[in-house]
Amino acid sequence: MSENGHREEQEQLLEKLSKRLTMAAFSRRSMMASSAGAAVAIGIGARTAGAQSTPAASPATEAGGPTTDEEQIFYSSALQNDPSSFDFNADLYCGAEVETWAGLLTFDADGIAIPDWAETFSSNDDASVWTFNIRPDNTGWSNGDPVTADDFIWSFTRLLDPLTANVYSFILFDILNGESFGTSGGATADQLGLVAIDQWTLEITLEGPRGNFPQKLAYTACVPSHRPSVEEYGADWALGEVPLVSSGPFKLDQWDKGVKAVLSRNENYWDAANIHLTALIDPIIPASNQVNNFENGTGDQQLDWCTLGAADYVRFRDDPALAPSLRQYIYPGIWMMLPSNGVAPFDTLEVRQALSHAIDRERLVTVTEGLVQPAACMVPQGVYGFFQDPAIDEIQAYDPELAISMLAGTPYEGGANWPEITVLMRGEEEIFNSDVMINDIVAQLQENLNMEVNIVSLTEQAFRDRLYSNADQLVWIRWWYDYPDPDNGYFDMFYGQKAAGTKRQAWSNPEFDTIVTEAKAVLDPEARLELYKQAETIIQTDVGYIPVVFRLDVYAFKPWVKGITVNSQGFTVPDGNIFVRANTRYFIEGRE
């Protein structure tokens, strides 16, 4: 592709992005307006929950003929590392195949919360009490047990229980007494706002109005666990040593540690009749090897889709044989820098400010071949809560002369006397261009601040353990939105009053905490957005974080993969952090 052609491609991508922003803002406004209505069954984005019966359905799937291949097997790139378990209820970051699990709700390809095991759901007038009507008389667990209201009460209590030590327990702090119970603050399990009206009806009372509560329940963190299995086998229940009893569209048949996971369709799943694939194979392949396995893998080590980093994207784009396999997606994710305000030299505000003005985001667009876009706020493009505000844009705008001038009067004036500085990063993420970007940022800091920074790259688990210690000077971190709402960024990432060991950064600000807590209960979308603008101004002015770039993705799919999920903006949406039902829509036709 010529340079002009590549530029036109990027312009078309951004034009689609603009349309996505308009749709997303409308959907969230509709959701919040519906939430304030009179006890009507609602689905996020102006859909009625009663009318929505297929949670995995996307606005469209790519057209294809009838499924002609006898073998309906899909080879997924979901597992880059061996899972620590298949127990998301106890450990959100277990790294397992998400399609083994299903909760009350799930997301469609537009990031809208829709029914899964809850056939319908509704709220009271102010969205402080939510009712979920579970599909009656089901046999949804993979062993034939029914999925009931009590399963969710038990599982949500387990998630919140401090003894479980799930670092993501805060996602249910909106439940009445959830935070008090989850932080050992005095409330007991029987005081949680969870009530089974009957076997198929769950009522959840919240701490106050929460128009976005369905968005949280649709996230993987809120899937249940199988109580009889947990009670019989303890921690071993989800380690592959005994049959895993799960609630999702696929069930685990085999887990060869470090090699692969083999799954088959869960015939007890409520929508099993509409799932084409009979088997799902997840070879465990590091990110650095996935493109090679996509192109050259055989047997159980082949891949039917993968994500491309910048170098492979260019190679595929310029190869007429490979270019037809490419698909684009504006992924709801942001890359950011966290300077610790508790560790020198970044315990000095002026140093943090200098850092914030020393990073040229446009350079990162270039080095990633356009697979990122500059970020000036916390919420990604395409998600309610994204905004463009010239005053906020200027707070951390790239200005190398201003950056060096900020050091005047500090021990580091003129870019001198720097201590040894390291930046912590999660390794094995070449497909997201993480290494490309951080190496360029390090070069920029050397050029603009005479600051030499050493990169410390750790495996995922080691990175997470060290991250929660809040001891590093700098952290290069990504935040893939778990549910498409600003609460997931401002509160879940940066609320400063979390318990020790659950905070990703040392920065804390009482005014910021008050604003992001207040914003949870505001149902009017415009008023709520204004609160988040205030929060953004506070955290950027104090340089609690530096927004760097938003993520754009390019995927490659084998030509025999049909039923590819496409959102309403025309972007391909495979299984990711929000949408996790792509495998329920694929079918195979013409595998070589």
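Predicted model: local features only at pLDDT ≥ 70, side-chain atom pairs only at ≥ 80, totals over all residues.
Which residue does R317 meet in a salt bridge? The side chain of R317 pairs with that of D318, at 3.1 Å from N to O. A salt bridge here is a side-chain nitrogen of Lys or Arg within 4 Å of a carboxyl oxygen of Asp or Glu.

Residues are numbered from 1 along each chain as its sequence is written, and side-chain values use heavy atoms, with hydrogens and water left out.

## The chain as a whole

You'll find 16 helices and 23 strands in the chain. Both are DSSP runs numbered from the N terminus: helices are H or I with at least four residues, strands are E with at least two.

Of the 592 residues, 60% are buried. Buried means under 20% relative accessible area, exposed means over 50%, and partly exposed is in between (1.4 Å probe, protein chains only). The chain exposes about 20900 Å², and carbon and sulfur atoms supply 49% of that; the areas come from the Shrake-Rupley method with a 1.4 Å probe. Take the contacts with a separation of 6 or more: 72% of them join residues 24 or more positions apart. A contact means heavy atoms within 4.5 Å.

## Charges that pair up

Side chains of opposite charge can pair when their charged atoms come close. The structure holds 30 salt bridges. Back at the opening pair, R317 is buried at 12% relative accessibility, whereas D318 is partly exposed at 38%.

Helix α13 (residues 460-467) has both R464 and E460, four residues apart, or about one turn of the helix. Their side chains form a salt bridge at 2.9 Å, N to O. R464 is buried at 9%, while E460 is partly exposed at 29%. Another salt bridge joins D472 and R466, with 2.9 Å from N to O.

## A negative patch

On the surface, D393, E394, D399 and E401 gather in a patch of negative charge. Patch members have over 30% relative accessible area and no salt bridge, with like charges joined within 9 Å. Asp and Glu count as negative, and the charge is placed at CG of Asp or CD of Glu. E401 is in helix α11 (residues 400-405) and is exposed, with a relative accessible area of 66%.

Notes: Patch = residues over 30% accessible without salt bridge, like charges linked within 9 Å, V, L, I, M, F, W, Y side chains within 5 Å.
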